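Please read the points below with the structure open beside them.

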Amino acid sequence: MEAAHAHNGHGHGAHGHHYSGLMRWITTTNHKDIGTLYLFFALTMFFVGGLLALMLRAELFEPGLQFWRPEFFNQLTTMHGLIMVFGAIMPAFVGFANWQVPMMIGAPDMAFARMNNWSFWLLPVGAILLVASFFVPGGATAAGWTIYAPLSTQMGPGMDLAIFALHIMGASSIMGSINIITTILNMRAPGMALMKMPLFVWTWLITAYLLIAVMPVLAGAVTMVLTDRHFGTNFFNAAGGGDPVLFQHVFWFFGHPEVYIMILPGFGIVSQIVPTFARKPLFGYSSMVYATASIAILSFIVWAHHMFTVGMPAVAQLFFMYATMLIAVPTGVKVFNWIATMWKGSLTFETPMLFACGFIFVFSMGGFTGLVLAITPVDIQLQDTYYVVAHFHYVLVAGSLFALFGGTYYWLPKWIGRMYDETLGKWHFWLSMIFFNITFFPMHFTGLAGLPRRVPDYNMQFADFNMISTIGAFGFGLAQLIFVYVLVKAIRGAGEKVSDKVWEGADGLEWTLPSPPPYHTFETPPLVK
Amino acid sequence: MRMTLESESPRKATPLQVAKAVLSAFVGIRRRAAHEKDVVTLTPLQVIVAGVIAAAIFVLSLVMLVRFITSQ
């Protein structure tokens, strides 16, 4: 990112003094610096979480216990989930928001620049707590990323560290969301009406509201676990008059909107990429905005589809089944609009577009398996099997992660002023796509055949598919090293210089800025026609 | 000042128009012409109130539907 700071030190803006070296990154209030910090943090955590995943898959390569004790295996599944959700995917999208939202709406920076710094620097603290919990007595929490009571009320001190980490990361998310909402609502350039905003900005505005609505719910749930553990309360203890199922309701009231928090900004990124490489404006812009809002509203009334097996009345089961299936309507509208945007466009398939198309294809498959799981009687069969693991990795890896990769390849040339290695980018896409499917497609079969998730050992009948999954997982992991190499190569300035617009079909305020953009941009707001 | 603003701003949307806009948002589809009319006539307060009412009606109608089915 050094190139982005070539203009640093010209005495721009209100910042009278500039630190250099490490202190610059610690004290920075610049949205581009903070965006960069978020993205590097997320990339680091992606590899930490990925390492845990490979440790899981190594154990599952063959039946029987090869490498890890079952207790440690449970810690691996739990921490893989927590680190990927709260350490990799969410911070990565916030990193994109920091870099892109001000540049896309013509604002000079985020609204609360110092709070922005704080939002970021809380994250490494949370991450250190999570990773350090492996080394406390009893190890990290092994209650699953959903930290269901009564498992979570019985764990060792690793659980307390995870609770504290979730509190800190939640506070960071809430502050980040307040910042994003305030920036979007108050700092748009003259003429940038709400319904003229790029779709990435719209999806982040709606996501930020979702975050503010549900992160306090998660904080409440984990605080209740904490007081149950240490302060004699019985919220989730049936023996004391509490109810462990209450935890599941509270958790999933957070957890389901959380799913959309992790995918809506991805929808936004894909909605920027597809029109650029189809050289056509986005089909049905207002439908896309409405569909995003609709998905966000529906996300609050479907949470109990995660709990069909806890013993709900049939009325409740039917309600959550119907409400869940209805989400397919606005989601279908989005997929239709992306395809209609491509229809009769002058398509080219540079790496960002490959990832966007890969996203649409594979995310739709994850959406369909979601519909399968929404059917209550089917879900009662498939609850906690590998079918569920396959489903949510199709939406989170091929959905969120592929959108993040696409967004990186799309905006990286703008950020650093140089083109990445297109050939290696394409290798990264194809290897990721192929190995992703080798890893996760067989899980549909093992799940349908009844293999439960979160088990370190399994029956011989599942051996072949698990072996295939493990081979795919290691291939997928190695393919990500190409991504790192492409990033390092591009940031070190190996690629050719790019124009301001970078992509022929690109449209939007960020493309009117030089590549790389100066340290401070839009100090004088642009006029949007 | 207030008078001038009101006389300059376009006519406020009718409840029917607000309802149409919000219902189309629930499905995620809106005609371009209708959408452009919405942009100038709808106020945020109208949209939020209508959205909350529509969400409540949506939940209630789903509850009624499942009650009807389970009573059979």
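1. Both Tyr409(A) and Phe483(A) are buried. The model is a predicted one, and this applies to every point that follows.

2. How do the rings of Tyr409(A) and Phe483(A) sit towards each other? Their centres are 5.8 Å apart and their planes meet at 65°; an angle over 60 degrees counts as edge-to-face, so this pair is edge-to-face. Tyr409(A) belongs to helix H15 of chain A and Phe483(A) to helix H17 (residues 463-491) of chain A, so the pair ties together parts that are 74 residues apart in sequence.

3. Across all chains, the structure holds 52 aromatic pairs. Another of them is formed by Trp99(A) and Trp415(A): the ring centres are 5.1 Å apart and the planes stand at 25°, so the pair is stacked. The cut-off behind that word is planes under 30 degrees apart.

4. Where in chain A do these two Trp residues lie? Trp99(A) is in helix H3 (residues 70-105) and Trp415(A) in helix H15 (residues 386-416), so their pair ties together parts that are 316 residues apart in sequence.

5. Are Trp99(A) and Trp415(A) buried or exposed? Buried means under 20% relative accessible area. Trp99(A) has 0% relative accessibility and therefore counts as buried. Trp415(A), with a relative accessible area of 1%, is buried as well.

6. Chain A as a whole contains 17 helices and 0 strands. Its radius of gyration is 23 Å, close to the 24 Å that the globule rule gives for 529 residues, so chain A is as compact as a globular protein of that length. Along the principal axes, its C-alpha atoms fill a box of roughly 65 × 50 × 45 Å.

7. Of the 529 residues in chain A, 61% count as buried. Taking the contacts in chain A between residues at least 6 apart in sequence, 82% join residues at least 24 apart. The chain exposes about 19500 Å², with 70% of that area supplied by carbon and sulfur atoms.

8. How many charged side chains does chain A have? There are 22 positive and 23 negative ones, and the centres of the two sets lie 11 Å apart.

9. Chain B has 4 helices and 0 strands, and its elements run α-α-α-α from the N terminus on. Of its 72 residues, 31% are buried. Chain B exposes about 5400 Å², and carbon and sulfur atoms supply 71% of this area.

Methods:
Residues are numbered from 1 along each chain as its sequence is written. Chains are lettered from A and ligands numbered from 1 in the order in which they are written. This is a predicted model: local features need pLDDT of at least 70, side-chain atom pairs count only at pLDDT 80 or more; totals for chains, interfaces and linings use all residues. Side-chain values use heavy atoms; hydrogens and water are left out. The radius of gyration is taken over C-alpha atoms; the globule rule is 2.2 Å times the number of residues to the power 0.38. Buried means under 20% relative accessible area, exposed over 50%, partly exposed in between (1.4 Å probe, protein chains only). Contact means heavy atoms within 4.5 Å. Accessible areas come from the Shrake-Rupley method with a 1.4 Å probe; for residues, only the protein chains shown count as cover. Lys and Arg count as positive and Asp and Glu as negative; His and the chain ends are not counted. The place of a charge is taken as NZ of Lys, CZ of Arg, CG of Asp or CD of Glu. Rings of Phe, Tyr and Trp (its six-membered ring) pair if their centres lie within 6.5 Å; planes under 30 degrees apart count as stacked, over 60 as edge-to-face and the rest as tilted.
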